[in-house]
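Reader: I'm new to reading protein models. Could you walk me through a few features?

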Amino acid sequence: MVFFADRMYQLRNEKGYTREQLASELGCMPRQIQDYEEGKLYPMVDIADFFDVSLDYLMGRTECREINKIK
């Protein structure tokens with residue numbers, strides 16, 4: 001799950017947010033943002049992996065259950 005951690009960090013920095021600012025926007029604690037960026041927490045990924053469905057399917061953004069995996 002390195003991709004999520006790296007991408008979260010990259011996207012936060014691109015927007016110019018501190019961890020505290022992003023946590024405030026998302027309604028969580030800065031420690032949670034830190035855990036995401038350090039790869040200690042994966043929101044919803046574990047559940048999607050358990051059921052072998054995409055995150056978009058799990059969150060209702062698509063009816064397609066298929067996961068687009070990196071080859």
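Predicted model: local features only at pLDDT ≥ 70, side-chain atom pairs only at ≥ 80, totals over all residues.

Reader: Okay, so why does methionine 44 count as partly exposed?

Author: Because its relative accessibility is 38%. Methionine 44 sits in the loop between helix H3 (30–37) and H4. Helices here are DSSP runs (H or I, at least four residues; strands are E, at least two), numbered from the N terminus.

Reader: And why does arginine 12 count as buried?

Author: Its relative accessibility is 9%, so arginine 12 counts as buried. You'll find arginine 12 in helix H1 (residues 2–15). Contact means heavy atoms within 4.5 Å. Setting aside residues up to four places away in sequence, arginine 12 touches Tyr17, Thr18, Arg19, Leu22, Ile33 and Glu37. In H3, the buried residues include Ile33 and Glu37.

Reader: How do I describe two packed helices?

Author: You give the angle between their axes and the distance between the axes. Axes are lines fitted to C-alpha atoms, for helices over the stretch in contact, and angles run from 0 to 180 degrees between N-to-C directions. Here, helix H2 (residues 19–26) and H3 pack at about 110°, with axes 8 Å apart. Angles under 35 degrees count as roughly parallel, over 145 as roughly antiparallel, 65 to 115 as roughly perpendicular and the rest as oblique. H2 and H3 are therefore roughly perpendicular. Arg19, Glu20, Leu22, Ala23 and Leu26 in H2 meet Pro30, Ile33, Gln34 and Glu37 in H3.

Reader: Which residues form the nonpolar patch on the surface?

Author: Patches use residues with over 30% relative accessible area and no salt bridge; like charges are joined within 9 Å, nonpolar side chains (Val, Leu, Ile, Met, Phe, Trp, Tyr) within 5 Å. A salt bridge is a side-chain nitrogen of Lys or Arg within 4 Å of a carboxyl oxygen of Asp or Glu. In this model, Met44, Ile47, Phe50, Phe51, Leu55, Leu58 and Met59 form the patch, together having about 700 Å² of accessible area (Shrake-Rupley method, 1.4 Å probe; for residues, only the protein chains shown count as cover). Helix H4 (45–51) and helix H5 (55–58) each give two or more residues, and H4 gives the most, with three.

Note on methods:
Residues numbered from 1 in each chain as written. Heavy atoms only, no water. Buried < 20%, exposed > 50% of the residue type's maximum accessible area, 1.4 Å probe, protein only.
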